[in-house]
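Trainee: Could we go through this one together, a piece at a time?
Mentor: Gladly, here it is.

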Amino acid sequence: MNPFKYKVLQLEKNCKSYLGIIIGVSLGLLVVIMTVITSLVYRYRWKIRYMYYMTKGKYSYQKILPDDDDEYTYDAFISYSNSDRSFVFKDCIDKLEKGENLKLCIHQRNFMPGQDITVNITNCIHTSRTTVCLITRKFLESYYCMFEFNMARMESIYSRNGKNILFLVFYEQLEPKELPLVMLELVQKESYIEYPNDEQGNVVFWEKIKETLRTNIRA
């Protein structure tokens, strides 16, 4: 064989072998990078969404300012499933707004019409001292209820210097295994109360709710 042709064939062979290695290494690095990015996005998904909706809300939401110089528009944002709205509109409004002169944010009454529900949720949580979640199985199954719960968690971490603004009201008896891990953490911190559904227990229940909201007003 012509020595020149032999050298050309040898070079082609070497280049092909290196090309395969380069392609393999590049694909491997791409898979690793995509895996890391996906893991980070999943881990910080609620933070990313919170920051996104907070930024979006600044440009698309007209905040309802309180009558005085208070920092917050509402004393409490009530997060609940639509199946439990009768408890909110009858008991909560009667006991807390009419009885204690507290200003509640209720989505069926206070959300700004024409705005995205996610923007309404984020901004109402941001302008409320406390978020009270009425926990039932329907609440846990609802996308928007869990969205409200997680947005309130992000508000605690990133806008309130770690202060817990979440208070859970268990309106139904639930097993620990039915609850998300992040919700179980709040239960372990005793940031919750169970609805007793009896006359004597109801008195203690509402006093506990009032005490929690008053504490956040004084804080």
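Trainee: Is Asn-161 buried or exposed?
Mentor: Asn-161 is exposed, with a relative accessible area of 78%, where exposed means over 50%, buried under 20% and partly exposed in between, using a 1.4 Å probe and protein chains only. Keep in mind that this is a predicted model, in which local features need pLDDT of at least 70, side-chain atom pairs count only at pLDDT 80 or more, and totals for chains, interfaces and linings use all residues. Residues are numbered from 1 along each chain as its sequence is written, and side-chain values use heavy atoms, with hydrogens and water left out.

Trainee: Where is Asn-161 found?
Mentor: Asn-161 is in the loop between H7 and strand S4 (166–170), and its phi is near 55 degrees, a positive value in a residue other than glycine. Helices (H or I, at least four residues) and strands (E, at least two) are DSSP runs, numbered from the N terminus.

Trainee: OK, and what about phi of Asn-101?
Mentor: Phi of Asn-101 is near 60 degrees, again positive in a residue other than glycine; Asn-101 lies in the loop between helix H3 (85–100) and strand S2 (104–106), and it is exposed, at 71% relative accessible area.

Trainee: Switching to H7, how many of its residues are buried?
Mentor: Twelve of the 16 are buried, so H7 is largely enclosed by the rest of the structure; among them are Phe-147, Met-151 and Met-154.

Trainee: And what caps the N-terminal end of H7?
Mentor: That is Ser-142, which has a side-chain oxygen 3.5 Å from the backbone nitrogen of Tyr-144.

Technical notes: A polar contact is a pair of N or O atoms within 3.5 Å; within protein, one must be able to donate a hydrogen and the other to accept it, and residues adjacent in sequence count only if both atoms are side-chain atoms.
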